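Please open the structure in your viewer and keep the selection panel at hand.

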Amino acid sequence: MTQIQLGMAAAYRNSLIRTRLFDGQGCSSQKWIHTTDNRESSNLQTIKRNYSGSDGDGGTNSKGDNSHPVTKIKNNVSWMMNSIKVPQITIPDWRKFAPEEMNLTESVRKNKDKIVDSLVLKKQQFKKFQMTKKQKSDETNSSTPSEPKADAFSSHIQEYNDSIVSFYDTSNLNGESQTVIKVKVNEEDIPPVTKADSKVDEAWLSRIVGLGFFSSAPTSEAQDSKPVVRKDFVSKASIDSRTKGLVHNLKQASSQVSKLKRTEDLCTHLIQFPDSRTTAMKEKCLPTLLRLHKTKHRQLKAEVSQALSLVGYVHPPKGKGVRVLSIDGGGTRGVIALQTLKMIQEQCKTDITKCFDYVCGTSQGAILACLIFLLKVPLAEAEERYMEFSQMFNRNAVYGTGKLVWEQAFYDTDLWEKILKMNFSEDKTMADCAKDDTCPKVSAISCLLNVPKMKSFMFRTYNLPPGVYSHYPGNCKHKVWEAIRASSAAPVYLKEFVLGDFIHQDGGLMANNPAAIAVSECKLLWPDEPIQCVISLGNGRFEPNLEITPSKNAVKEKVAKIIDAATNTEVVHTILQDLLPTSTYYRFNPYMSEDIRLDEKRTEKLIQMQQDTEMYLRKNEFKLKCATEQLLKQRQPHQQALDYIKLKADSSFFADSKIL
């Protein structure tokens with residue numbers, strides 16, 4: 001037997017083979033041959049020795065036929081070997097499953113539109129998230145390095161892959177999704193998918209997800225946007241802990257340099273988190289600041305003055321009561337208010353900045369308030385600068401009309417911002433103005449547009465005392481030029497001003513006469529002090545002869561009347577005149593010989609408005625004299641005594657450490 005035949009005989013071990021054996025004489029006998037692991041070779045040798053023919057291969061007998069039993073076994077084994085067919089394993093080409101037209105399975109084809117819409121929606125959400133993240137990081141000047149773009153892209157692609165796979169994997173619909181981005185679908189909308197089809201779908205989706213993410217498919221309506229967690233969010237506990245630490249460090253400071261540095265840190269913290277002033281006052285920072293305020297170190301005293309203003313501490317007024325100045329809006333007609341201030345200063349025979357405790361302005365009134373009372377520019381120089389400002393209203397009518405259509409602003413807004421930065425110190429904030437003790441408290445009023453109801457916004461140089469809240473939102477962290485830009489953003493004339501989360505426009509839309517707001521703020525700052533004097537400066541009024549017009553007015557006339565009603569200043573004047581004592585409230589709003597536009601730039605017209613103002617003040621000389629006398633009333637001795645007692649009470653504390 002050959003080696004192959006022996007091997008096949010061994011393969012049938014543990015099996016019984018029943019064979020009829022024949023001898024040479026034709027006699028037959030039955031034998032059972034059982035091949036096992038230990039005896040298979042010996043049994044095969046016995047069969048070969050007893051029943052093989054004369055030839056050595058054991059295949060045939062001497063007669064040459066195939067009737068020998070061993071030959072039958074051999075033939076059976078050979079037949080079985082030939083009948084076994086080894087399967088030919090071939091690996092199919094994957095390209096056959098993904099031709100150019102992307103032969104999708106039935107389940108993917110039915111939901112192709114949903115996939116595209118989902119990818120486009122996620123692309124928009126990702127872009128919005130990136131823009132929000134960039135804006136927040138710019139505002140907070142975060143020192144945390146940004147993630148590499150490649151890593152952010154790969155991680156975002158992986159999220160989309162997981163989301164799409166879970167979208168089609170029906171086996172995990174009842175479980176909780178482990179991906180960050182979830183797609184809401186109904187289970188009955190997804191057809192059953194076989195395991196093989198699911199693999200093909202996932203492979204195809206993983207290939208097209210990159211293309212779908214950057215495709216220019218038409219955008220769909222955004223669904224409920226997922227809330228974005230702000231990375232710059234700081235808990236109240238962390239803010240309070242930081243505030244306590246800064247106050248404690250200020251108390252422990254010994255050298256002048258250390259006191260200066262820690263006072264600056266406290267001011268920066270209070271500007272960033274105004275509500276932390278309540279915690280600072282509870283930690284008794286006021287006695288420390290009041291004692292430091294007595295120092296002769298000029299820079300330290302300035303920082304301490306700013307810190308006192310930021311914690312909400314208010315010094316007593318310097319007069320018999322609170323003296324208030326309010327300046328209306330009016331464009332280039334602000335020369336009228338400027339001329340009135342010059343006459344008041346001549347009557348008082350003192351610097352105008354020392355005559356008031358609180359100054360409030362709208363639009364051009366904010367310009368004059370910041371220019372005269374914050375930058376301490378003399379009135380003569382302020383008049384020259386104001387004349388220069390009026391030249392920015394010089395623009396070709398055709399070009400301006402085109403800009404009005406495309407940018408909703410007739411004049412060059414960029415030029416106006418450049419002028420403001422040059423004249424009002426680009427880096428100086430409203431809070432920095434509190435470093436000067438001789439500077440009164442100043443506020444500029446703008447109007448918020450992107451709120452459910454239009455509301456006035458106040459740019460302050462101070463913080464209100466802890467626990468005191470105003471009807472008007474505002475803060476002191478913005479720059480001076482930004483406050484003026486927001487307050488003077490007159491519709492049609494200049495663009496609206498986007499500052500932080502708010503869109504600002506001219507404050508005259510809500511409070512063109514800010515006298516009432518100024519009185520309200522003074523009641524919050526000095527609740528126990530009387531109102532000594534309120535001077536309200538208007539920017540001229542033109543009273544035409546009473547004539548009956550036709551029943552039908554032109555559209556231009558209607559628009560003009562609506563604007564005039566919105567910017568009317570006499571309604572507030574009438575109310576305050578009835579509420580405040582006659583010896584307290586004074587309104588100066590000269591009559592003009594002709595109606596002059598807000599953007600008038602001709603020199604002869606500006607001079608004419610000054611002459612009209614001088615004539616009005618000469619006719620009301622007695623009224624002007626009474627107003628100046630009311631302003632110059634000094635604080636009474638008993639009031640000075642009460643101020644001294646209050647200051648000592650605020651300065652006393654139980655600490656044993658020496659501050660100075």
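Select strand 4 (residues 358-362) together with strand 5: the two pair in the parallel sense over five bridges. Strands here are DSSP runs (E, at least two residues; helices are H or I, at least four), numbered from the N terminus, and two strands pair if DSSP finds at least two bridges between them. Within this pairing, Ser443 of strand 5 is the bridge partner of Cys360. The model is predicted, so local features need pLDDT of at least 70 and side-chain atom pairs count only at pLDDT 80 or more, while totals for chains, interfaces and linings use all residues. Residues are numbered from 1 along each chain as its sequence is written, and side-chain values use heavy atoms, with hydrogens and water left out.

A hairpin of six residues connects strand 5 to strand 6. Select Ser446: its bridge partner in strand 6 is Phe457, and in strand 9 it is Asp506. Strand 9 (residues 502-506) is antiparallel to strand 5, with three bridges between them.

Eight of its eight residues are buried, so the strand is largely enclosed by the rest of the structure. Buried means under 20% relative accessible area (1.4 Å probe, protein chains only). Lys441, Ser443, Ile445 and Cys447 lie on one side, and Val442, Ala444, Ser446 and Leu448 on the other.

Finally, show the whole protein chain, which has 25 helices and 11 strands. Of its 660 residues, 41% are buried.

Note on methods: Buried means under 20% relative accessible area, exposed over 50%, partly exposed in between (1.4 Å probe, protein chains only).
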